[in-house]
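Reader: Please take a close look at one part of this model, the surroundings of its ligands, and then relate the account to the helix packing and backbone geometry elsewhere.

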Amino acid sequence: MTYQTKPLECFDLAKELRARHYRDVMSSNEEGRLLIAGGNSFPWELAAGLGEFESLQGEPWGGAIAAQPDLALACAEATDARGYGRDVCAYVRVFWGSMFLDRGPWGGFPKPAMAVALNHTHCGAQGKWFQTVAEHMGVPYFCIDYPRMLPSGPLLPESKVLQYVPYLVAQYERFIEWAESVTGREYDDEKLVSALLHKRRTQVLWGQVCELQQHVPAPLHLRTMLNLMMPKLLWGFRREAEDFYVQVLDEVKERVAQGIAALADERARFWFDFVPSYISLGALKYLDEFGAVLVGSLYTSSFGGGCLDDGTWGVVAPFEELGRAPQNRGEALRDIAYWDLKRDSRLNMYPLEYKIRCAFDFVRRWKCDGVILQLNRGEKGGCCGALETRLALRDAGIPCLVCEGSAADPRDMDPVQVKNSIESFMESLGLKQGSLS
Amino acid sequence: MIKQETISRFRSAIENRHQYARQWKERTGGKVLGYFCCYFPEELAYAAGVLPVRIVSNHEPQELSNMHIPGFFCSFCRDALAEGLKGTYEYLDGIAMAHTCRQIAQAYESWLRHVPVDYHYYLPMPALADSDFFRPWVVEELGEFQGSLENWTGNKVSPSALENAIELYNTGRRHLMSLYEMRKAETPPISGGETMEVVLSSMFCDKVEHNQWLQNVLANISVGDPAQRRPRTRFMLVGGEDHDPELPHLIEAQGADIVIDDMCMGSRYFWNLVPDGKDPLAALATRYLEKPSCPVKDISATMDRARQKHLLNLARDYGVEGVIMVYQKFCDPQELDMPFLIQTFKEAGIPTCVLELETTLARGQVQTRVQAFLETIELE
Ligand code: SF4
Ligand code: SF4
């Protein structure tokens with residue numbers, strides 16, 4: 001069967017928004033805007049109470065470097081030269097290299113006014129990452145500790161979530177006090193509340209886009225989704241982000257209604273366990289030739305939802321459904337903490353049992369023929385649980401392909417090998433080359 | 001100096017650790033709990049009548065964990081899991097860990113999926129060393145863990161039982177500190193390799209027994225006469241989960257003394273005492289929050305790095321002339337910390353040498369590196 005296909009209109013807008021973000025980042029010092037360096041997992045809506053600011057986020061900056069292999073190599077080597085081992089997260093290494101060399105995807109490395117991190121304990125690199133940035137740049141640093149809990153049963157009891165809400169809230173309060181003192185700005189609670197409302201709406205909208213991928217044929221490629229996610233990643237707490245995802249959702253709904261496919265000859269559907277590294281995307285494009293489409297990933301879904309109490313994945317609940325939106329700082333901070341703990345946006349780092357349950361749910365409801373997992377040497381946090389997930393899926397008769405790679409270090413990536421393993425995998429499933437797209 | 005027959009008791013406790021635990025169970029009727037990483041509050045388990053034993057690998061090449069943990073995770077976590085999969089730890093009634101590193105947590109999670117145990121417990125433990133701020137949560141967690149142990153064992157942990165356990169563990173720590181103190185001497189009476197055997201064995205034995213052995217050592221050890229042996233270059237060993245006494249023995253065989261360490265299986269295990277206090281859980285929380293940081297935990301809410309200060313103090317107090325930094329291949333927590341520490345030592349005028357460790361010891365490589373390092377120090 002051949003499906004109708006056409007380019008996504010929002011795609012160019014996503015690209016433009018991303019380009020604009022980096023223009024703003026690069027000009028922030030010149031134009032006197034506050035620039036904060038930090039990890040993507042930091043609750044950026046917290047910083048919104050400080051007023052206008054730009055974020056220099058580690059992982060997207062690392063991804064942008066990865067897109068330019070020569071730059072990625074130079075940055076990775078600059079970090080090697082300072083004595084850091086190759087096992088340190090590749091995003092961390094290229095980000096640091098960019099800082100050491102004062103070279104980046106858009107020219108130099110912009111000097112942040114401060115550095116922040118959420119050490120989310122699933123990945124101990126986060127705290128050290130920005131501690132080192134702060135030390136090298138000579139700027140103040142603040143780190144929040146996110147607890148890691150492994151429940152005795154498969155899911156985290158509500159009592160445990162509630163126990164840790166004050167743990168995070170107390171640290172958020174501490175951050176606010178610290179940020180006021182280092183910036184000299186007065187924290188504006190209304191801005192925090194409004195940022196949280198936008199963030200939640202963008203989460204819900206994005207979660208709905210992810211759900212629409214259940215449709216056959218899939219309206220989007222995973223690679224398109226990764227691009228569409230950028231505004232959410234960079235400033236999902238702004239009104240502009242919300243407006244953008246309203247458009248995205250409308251367009252994707254339209255595609256579903258009209259049966260417009262990402263791939264004209266969609267013959268097989270696959271789930272991606274975590275996040276395909278930027279430098280493996282080219283190799284994964286090879287799937288198109290077999291009529292195989294990647295319909296989603298744990299990573300992309302984690303920005304719009306999480307594991308529900310029944311072990312399935314669900315979109316984050318909108319405030320409308322909960323009956324009341326936060327009105328003040330205390331309520332906003334509790335809400336951020338609660339949802340981060342309850343339906344952890346870092347789903348990719350979930351306890352193993354959650355991860356496996358969700359993997360089955362994704363395969364079933366997204367109608368997948370198999371799962372592709374990547375052992376990303378440059379991102380160990382994301383590899384945790386990958387092999388156990390594969391074992392569980394394999395035991396249930398779900399075909400899996402494991403490929404290796406790196407998030408950002410071209411020396412640890414072999415696109416030819418990825419292509420070869422895709423080819424064998426496709427053959428084993430009886431899928432023949434010969435794309436119509 | 002220390003007699004070989006005194007030290008052989010510790011050596012054999014390491015070699016026969018599994019047998020020891022089985023016999024302990026038979027003798028006492030108690031349960032044995034395996035744990036990973038030294039942030040685990042053993043005192044609580046002991047107070048509930050449980051013998052906590054540290055799970056370690058066996059330094060033998062293996063492939064069993066390949067299906068469960070990627071090859072680029074550290075060999076310690078891969079090999080420790082393999083021991084579980086092989087059935088070496090079949091006598092364990094349960095496993096537990098306090099949160100430290102993500103890689104060892106993967107071994108823990110895989111263990112739970114594939115190795116049957118009656119009981120398991122994962123204790124959240126903040127990554128930031130800021131004891132005043134985090135203590136209330138850690139106290140709450142310790143209380144929950146205590147309740148869970150009580151349910152599992154049917155033994156109520158009374159305040160006096162906990163205080164006794166704390167005192168027992170503190171006694172062991174004081175003994176080990178006294179032993180370490182002696183290594184400040186110009187010709188230390190016990191080698192770094194022997195010390196590692198003493199410390200490591202304490203993680204597998206009932207502290208009542210181990211403390212007696214330690215007392216015996218302390219009663220029979222004397223700081224030697226420097227005239228009898230020429231002082232040798234003084235090294236500090238800094239690293240992670242290396243627990244192969246072969247390594248310090250081999251380093252020392254090149255003509256140096258390891259006089260101090262900052263290792264998981266060395267001083268980091270016992271360095272600080274549980275302070276006195278009315279509330280034993282709060283005192284326990286303080287001890288684990290304030291213990292010398294593991295690299296994973298050496299992050300503060302703001303900038304300070306606690307390890308830097310601690311290591312420089314150790315180097316000064318023990319008259320360290322060179323630092324050997326060892327890390328498990330693929331251990332990113334150590335890799336993230338090393339350049340900073342190397343720079344720290346450089347600024348303090350102390351040279352460093354880095355050794356990468358795998359499952360088995362690359363003897364030839366270690367010898368060559370250490371000899372070259374010694375030569376550079378002696379030339380200076
Ligand atoms: S391993 Fe993953 S979560 Fe950790 S710093 Fe790297 S990209 Fe971020
Ligand atoms: S700290 Fe290093 S050696 Fe220890 S378990 Fe983690 S990765 Fe392995």
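Author: The space that ligand 2 takes up is the largest cavity. A cavity is a set of points, on a 1 Å grid over the protein atoms alone, where a 1.4 Å probe fits but cannot get out. The model is predicted: local features need pLDDT of at least 70, side-chain atom pairs count only at pLDDT 80 or more, and totals for chains, interfaces and linings use all residues. Residues are numbered from 1 along each chain as its sequence is written, chains are lettered from A and ligands numbered from 1 in the order in which they are written, and side-chain values use heavy atoms, with hydrogens and water left out.

Around ligand 2 stand Cys74(B), Cys101(B), Gln103(B), Ile104(B), Glu241(B), Gln328(B), Cys331(B) and Pro333(B), where a residue counts as near if one of its heavy atoms lies within 4 Å. By class, this shell has five nonpolar, two polar and one charged residues; Ala, Val, Leu, Ile, Met, Phe, Trp, Tyr, Cys and Pro count as nonpolar, Asp, Glu, Lys and Arg as charged, and the others, Gly among them, as polar.

Ligand 1 has 11 residues around it, of which Glu59(A), Cys89(A), Cys123(A), Gln126(A) and Glu379(A) come nearest. The shell around ligand 1 divides into six nonpolar, three polar and two charged residues. Helix H5 (residues 125-137) of chain A gives the most to that shell, with three residues; helices are DSSP runs (H or I, at least four residues) and strands likewise (E, at least two), numbered from the N terminus.

As for helix packing in chain A, H6 (residues 158-183) and H14 (residues 329-342) pack at an angle of about 130°, with their axes 8 Å apart. H6(A) is therefore oblique to H14(A), since angles under 35 degrees count as roughly parallel, over 145 as roughly antiparallel, 65 to 115 as roughly perpendicular and the rest as oblique.

Two backbone features remain. Val216(A) and Pro217(A) are joined by a cis peptide bond, with omega about 0°, and Pro217(A) lies in the loop between helices H7 (189-212) and H8 (222-228) of chain A. Cys37(B), not a glycine, has a positive phi of about 70°; Cys37(B) is found between strand E1 (31-36) and helix H3 (42-47) of chain B, in the loop.

Notes
1 Å grid on protein atoms, 1.4 Å probe; cavity = no way out; pocket = protein on both sides within 12 Å on 5 of 7 lines; lining within 4 Å. Sits in = over half its atoms within 2 Å of the grid points. Axes fitted to C-alpha atoms, helices over the stretch in contact; angles between N-to-C directions.
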